[in-house]
Amino acid sequence: MQTDLELFARKLKLIRQKRKFTLEKLEEVSNLTPNHIAKLEAGKSNPSFNSISELAHALNVELKELFNFDELKDENYIREEFKKLINYSDEKHLQLLYKVHRDLIEF
């Protein structure tokens, strides 16, 4: 399972690429060097709050978007989360989960 730092690194790179920013372009619109940004994207450096704030502003995203890792979760993580959800649900919630699942399959 990936660490939060690794997930942050992947998310940062993903957002930068979606914005079609090179490291140099991101440097121009932030106060960070390409070397620092590259280390953050590689998960080799812990970002400071100032760096995170600079990146969010430069990439025109809210801070929380840099920490929304849902799209990066792998299949095993999702399966384990579903197992927990099922194991800790009461009958009422299990019925609801089943209905949602069935409705999605039919969709």
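The structure is a predicted model, in which local features need pLDDT of at least 70 and side-chain atom pairs count only at pLDDT 80 or more, while totals for chains, interfaces and linings use all residues. Residues are numbered from 1 along each chain as its sequence is written, and side-chain values use heavy atoms, with hydrogens and water left out.

**Exercise 1.** Determine which residues of helix H4 are buried and which helices they pack against.

*Solution.* Helix H4 spans residues 49-59, helices being DSSP runs of H or I with at least four residues, numbered from the N terminus. Its buried residues (under 20% relative accessible area, 1.4 Å probe, protein chains only) are Ser51, Ile52, Leu55, Ala56, Ala58 and Leu59. Seen down the axis of H4, these fall within an arc of 165°, taken from the directions from the helix axis to the C-beta atoms, so they line one face of the helix. The face turned away from that side carries Phe49, Asn50 and His57, which are exposed, meaning over 50%. The buried residues pack against H1 (4-18), H2 (23-29) and H3 (34-41), with contact meaning heavy atoms within 4.5 Å.

**Exercise 2.** Identify the residues of the nonpolar surface patch and the helix that gives the most to it.

*Solution.* The patch, of about 420 Å², is made by Ile78, Phe82, Leu85, Ile86 and Leu94. Helix H5 (residues 75-87) gives the most, with four residues. Ile78 lies in H5 and is partly exposed at a relative accessible area of 38%.

Terms used
Helix = DSSP H or I, 4+ residues; strand = E, 2+ residues; numbered from the N terminus. Patch = residues over 30% accessible without salt bridge, like charges linked within 9 Å, V, L, I, M, F, W, Y side chains within 5 Å. Areas by Shrake-Rupley, 256 points an atom, 1.4 Å probe, with all protein chains shown as cover. Salt bridge = Lys/Arg side-chain N within 4 Å of Asp/Glu carboxyl O.
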